[in-house]
Amino acid sequence: MRVLTCFCLLLLFIVTGVSAQDLGIFEETTAGNYFGFGAKQMAMGGTGIANSIDGSALWYNPAGLARIPRIEFQLGMTHQKFSNETSMPAGRYNPSFFKSTINSADTDASKTRFSTVNLTIPVPTYRGAFVVSFGVHRMLSFDRVGIFHVRDLRISDDAIVDDMTSESESGSVYMYSGGAAIDLSPNLSVGAALNVFSGEDKFVYTVSSLDETLIPLWSVSYSTQNVFDLIAIGGKTGLLYRPNNRTSIGLTIETPIYWEIEQRFTVDDTVTVVKYRLIHPFKFGAGMAMRFDKLRLAAEATYADWSQLEYDDNPAMEQQIDSLSDLYRAVVDLRLGVEYQFYKTGLALRGGIFSQPLPYDDKFIIDDNIGFTLGFGWLLDKTLLLEGAYVDGGLERTFTAFNADYTIPTNKNAIAEDRYRRVYLTVSYRY
């Protein structure tokens, strides 16, 4: 009955949003989830606020569109290898009576997806620049897997207590954007973009549990499915200032994003539907890029206070706004990038590092999301540019373990380590 009871409580919490003891159901997968696009930007640590001179500027800093002199068409693809490893301190039960035989597990998965298509058109002007751009970009990725496995043996008679859970999540959110930029002066550009987001997040959770210490022997297994239909609207404005031929300074403001979410929870062919609105906070960004002959350096920071997340259009969930402020925190993303160009061959080599802290409260985090990047750009001729990027990152966090005996102080949290390796490929044609 213990798993059945936990399952019923879980269903109640998912439907009504009444628990705030753990991150649990308040782990909004759209918060702090940034996959990135544009092989040049991702190869340079994800820097783009002052470093985008292609259609990707539509997102990174719309003001950068003003620097594009010719019609540009851009296509992109991504590939990700995701791995997950979980562990739990040995001895979830009294070690005088039980010994742990399994307390860790690992799994992985890979996906290849379309990432971007973009058209940028400079409009002829008497003075300065006026450029418009339209694009579809894969902004959020939900492709991940997880597994948790613990087995304990009763010393007196070798009776087993074995618990396993697995998670499989897939889906994407695409951003449909339109934007424009103009030169206010020879050294100052401004731009803005309107963004519509749409996608689906499918989450499957499977549990199996066996307890031979009970009479009669007790076992249970079940699987649940959670599907989120997501649609949202938001905007972004930017400024790009060039004090000299070597330096660019960018500033951006992203407006709150209003997510309309329909959640369908399925178990044993019974479907429960919950609808609500989630409001993301403002985001602020600043970046600088500097060029020294063949060398280009870029650095940027973005700030968002995720404790300002809000629920709306669902009275039960609106009551939990204080819980969100307790479970989430303000974070600053930091990114550094470098590029070295070989003019005679049309080749550019790139690299970078990034720190993208998780938006959750410190008590859920062991190591934040950090990583490094590598990549290249190759101008095949005057009109065709091929760019690639490799991103390697990971994080480590804690979570509530299934069927843990919390009378043992060390067993209040299990540990999950996620690692990802991503490849970005972008082809740009300028006419």
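Which residues form a negative surface patch? In this predicted model, where residues are numbered from 1 along each chain as its sequence is written, local features need pLDDT of at least 70, side-chain atom pairs count only at pLDDT 80 or more, and totals for chains, interfaces and linings use all residues. Side-chain values use heavy atoms, with hydrogens and water left out.

The negative patch is made up of Glu 85, Asp 106, Asp 108, Asp 367 and Glu 417. Patch members have over 30% relative accessible area and no salt bridge, with like charges joined within 9 Å and nonpolar side chains (Val, Leu, Ile, Met, Phe, Trp, Tyr) within 5 Å. Areas come from the Shrake-Rupley method with a 1.4 Å probe, and for residues only the protein chains shown count as cover. Asp and Glu are taken as negative, Lys and Arg as positive, while His and the chain ends are not counted; a charge is placed at NZ of Lys, CZ of Arg, CG of Asp or CD of Glu. Glu 85 sits in strand S1 (residues 72-87), strands being DSSP runs of E with at least two residues and helices runs of H or I with at least four, numbered from the N terminus. With a relative accessible area of 44%, Glu 85 is partly exposed (buried is under 20%, exposed over 50%, partly exposed in between, with a 1.4 Å probe and protein chains only).

Strand S1 turns up again in a nonpolar surface patch, to which it gives the largest share, 3 residues. S1, strand S3 (104-123) and strand S19 (414-430) each bring at least two residues. Leu 75, in S1, is partly exposed at 41%.

Next come the salt bridges (a side-chain nitrogen of Lys or Arg within 4 Å of a carboxyl oxygen of Asp or Glu), of which there are 24. In one of them, Glu 72 pairs with Arg 430, the closest N and O atoms being 2.9 Å apart. Glu 72 belongs to S1 and Arg 430 to S19, so this pair ties together parts that are 358 residues apart in sequence. Both partners are buried, Glu 72 at 1% and Arg 430 at 18%. Asp 368 and Arg 329 also meet in a salt bridge, at 3.0 Å from N to O. Here strand S17 (residues 365-379), holding Asp 368, is linked to the loop between helix H5 (321-327) and strand S15 (330-342), holding Arg 329, 39 residues apart. Asp 368 is partly exposed at 23%, whereas Arg 329 is buried at 17%. Elsewhere, Asp 229, Glu 262, Arg 264 and Lys 275 are joined in a salt-bridge network.

Met 42, in helix H2 (residues 39-43), is buried at 5% relative accessibility. Its contacts (heavy atoms within 4.5 Å), leaving aside residues up to four places away in sequence, include Phe 35, Tyr 60, Val 391 and Tyr 424.

Most residues other than glycine have a negative phi, and most peptide bonds are trans. Asp 268, however, has a positive phi near 50 degrees; this residue lies in the loop between strand S10 (258-267) and strand S11 (270-279) and is exposed at 67%. Asp 293 likewise has a positive phi, about 55 degrees, in the loop between strand S12 (283-292) and strand S13 (295-305). A cis peptide bond, with omega about 0 degrees, joins Ile 215 and Pro 216.
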